[in-house]
Amino acid sequence: MDLRAREGPTVREIGHRVGLSSTSSVQYQLKRLEQQGVISRSGSRWRSYRLT
């Protein structure tokens, strides 16, 4: 399996794993990580993010 072709977890899956029940809280944190250059997205969906 080509790991580069896999999609990331959904916002709900991320929230569940880190203990956040609000999807807007997860999206806020993901946006902050993107602004800091920690992650990047190849599209408009959060599932398309990659660590940089």
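Author: Lys 31 comes out at 36% relative accessibility, so Lys 31 counts as partly exposed. One caution about what you're looking at: this is a predicted model, where local features need pLDDT of at least 70 and side-chain atom pairs count only at pLDDT 80 or more, while totals for chains, interfaces and linings use all residues. Residues are numbered from 1 along each chain as its sequence is written, and side-chain values use heavy atoms, with hydrogens and water left out.

Reader: Okay. What does the chain run through from the N terminus on?

Author: Helices (H or I, at least four residues) and strands (E, at least two) are DSSP runs, numbered from the N terminus. Here the order is α-α-β-β, from 2 helices and 2 strands. Of the 52 residues in the chain, 19% are buried.

Reader: How do I read the way H1 and H2 cross?

Author: Two packed helices are described by the angle between their axes and the distance between the axes. The axes are lines fitted to C-alpha atoms, for helices over the stretch in contact, and angles run from 0 to 180 degrees between N-to-C directions. In this model, the axes of H1 (residues 11–18) and H2 come within 9 Å and cross at roughly 95°. Angles under 35 degrees count as roughly parallel, over 145 as roughly antiparallel, 65 to 115 as roughly perpendicular and the rest as oblique. H1 and H2 are therefore roughly perpendicular.

Reader: Which residues in H1 and H2 meet?

Author: Contact means heavy atoms within 4.5 Å. On the H1 side you'll find Val 11, Arg 12, Ile 14 and Gly 15, and they meet Thr 23, Val 26, Gln 27 and Leu 30 in H2.

Reader: Is Leu 30 buried or exposed?

Author: Leu 30, in helix H2, counts as buried because its relative accessibility is 7%. Leaving aside residues up to four places away in sequence, Leu 30 touches Val 11, Ile 14, Ile 39 and Trp 46. The C-alpha atoms of Leu 30 and Val 11 are 9.0 Å apart, although 19 residues separate them along the chain.

Reader: Back to Lys 31: what does it form with Glu 34?

Author: A salt bridge, that is, a side-chain nitrogen of Lys or Arg within 4 Å of a carboxyl oxygen of Asp or Glu. For Lys 31 and Glu 34, the closest N and O atoms are 3.5 Å apart. Both sit in H2, 3 residues apart, about one turn of the helix. Glu 34 also meets Arg 41 in a salt bridge (3.3 Å, N to O). With these links, Lys 31, Glu 34 and Arg 41 form a network. Glu 34 is partly exposed at 22%, and so is Arg 41 at 24%.

Reader: Which residues make the nonpolar surface patch?

Author: Patches are made of residues with over 30% relative accessible area and no salt bridge: like charges are joined within 9 Å, nonpolar side chains (Val, Leu, Ile, Met, Phe, Trp, Tyr) within 5 Å. Areas come from the Shrake-Rupley method with a 1.4 Å probe; for residues, only the protein chains shown count as cover. Leu 33, Val 38 and Leu 51 make a patch of about 270 Å². Val 38 lies in the loop between H2 (23–35) and strand S1 (39–41), and is partly exposed at 36% relative accessibility.

Technical notes
Buried means under 20% relative accessible area, exposed over 50%, partly exposed in between (1.4 Å probe, protein chains only).
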